[in-house]
Amino acid sequence: MRKITIVFYILLIASAVSAQKITHVRSSLKNGVMKIKYDLKGDKQKKYHVQLFIAENLSSEYSKEILTADGDIGTDIKLGKDKEIHWDTKKDHLAEPEKIKFKLEARMMFAH
């Protein structure tokens, strides 16, 4: 019975994690400030936690989470089109911000 319960929770978590979708991501960089726009689709009744990760060179992994950005990032993000993140890359001391790659991740937030 315990194995069945554990498997059920894993499947439940997997289905909840895959229920949201970030699409139509676009970005621009001007004077060291990156503007990222995206659409967030998912359950209209829920809020999401959106995170920005970067790889500092094009061949590395997305190992650094950016915590200095603002806008539609962090907790309590609602669904919608044209969500916008502003990130001043100078705050993170990036030598060549035009040579980074980034990814956005969204997770559904659960009520306590």
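Biologist: Is Lys83 buried or exposed, and which side chain of opposite charge is nearest?

Modeller: Lys83 is buried, which means under 20% relative accessible area; exposed is over 50% and partly exposed is in between (1.4 Å probe, protein chains only). The nearest side chain of opposite charge belongs to Asp72, 4.3 Å away. Lys and Arg count as positive, Asp and Glu as negative; His and the chain ends are not counted.

Biologist: Why is there no salt bridge for Lys83?

Modeller: A salt bridge needs a side-chain nitrogen of Lys or Arg within 4 Å of a carboxyl oxygen of Asp or Glu. Asp72 is 4.3 Å away, so Lys83 has none.

Biologist: What does the side chain of Lys83 reach instead?

Modeller: The side chain of Lys83 reaches the backbone oxygen of Lys78 at 2.9 Å. Lys83 lies in strand 7. Strands (E, at least two residues) and helices (H or I, at least four) are DSSP runs, numbered from the N terminus. Beyond four places in sequence, Lys83 touches Ile36, Lys37, Tyr38, Asp72, Ile77 and Lys78; touching is contact, with heavy atoms within 4.5 Å.

Biologist: What kind of model is this?

Modeller: This is a predicted model, in which local features need pLDDT of at least 70 and side-chain atom pairs count only at 80 or more, while totals for chains, interfaces and linings use all residues. Residues are numbered from 1 along each chain as its sequence is written, and side-chain values use heavy atoms, leaving out hydrogens and water.

Biologist: Where is confidence lowest, and where is it highest?

Modeller: pLDDT is the predictor's confidence in each residue, from 0 to 100. Helix 1 (residues 2-17) is lowest, at a mean of 41. Strand 5 (residues 70-71) is highest, at 98. The protein chain averages 82, and 81% of the residues score at least 70. Over residues 1-18, pLDDT stays under 50, and the model has two contacts there beyond four places in sequence. Where pLDDT is low, the predicted coordinates should not be read in detail.

Biologist: How many salt bridges are there?

Modeller: The count comes to six. One of them joins Lys37 and Glu84, with the closest N and O atoms 3.8 Å apart. Lys37 is in strand 2 and Glu84 in strand 7, so the pair ties together parts 47 residues apart in sequence.

Biologist: Which side chain meets Lys103 in a salt bridge?

Modeller: Glu105 does, at 2.9 Å from N to O. Salt bridges that share partners also join Arg26, Asp39 and Asp82 into one network. Asp82 lies in strand 7, and its phi is near 55°, a positive value in a residue other than glycine.

Biologist: What makes His24 exposed?

Modeller: Its relative accessible area is 51%, so His24 is over the 50% limit. His24 lies in strand 1 (residues 21-30). Phi of His24 is near 50°, another positive value in a residue other than glycine.

Biologist: Which residues have the most contacts inside the largest nonpolar core?

Modeller: Leu52 and Trp87 do, in a core of 20 residues. Such a core is a set of buried Ala, Val, Leu, Ile, Met, Phe, Trp, Tyr and Cys residues joined through side-chain atoms within 4.5 Å. Strand 2 (33-41), strand 3 (48-55), strand 7 (80-88) and strand 8 (101-108) each give two or more residues to this core. Beyond four places in sequence, Trp87 touches residues including Val33, Leu52, Ile54, Leu94 and Ile100.

Definitions and conventions
A polar contact is a pair of N or O atoms within 3.5 Å; within protein, one must be able to donate a hydrogen and the other to accept it, and residues adjacent in sequence count only if both atoms are side-chain atoms.
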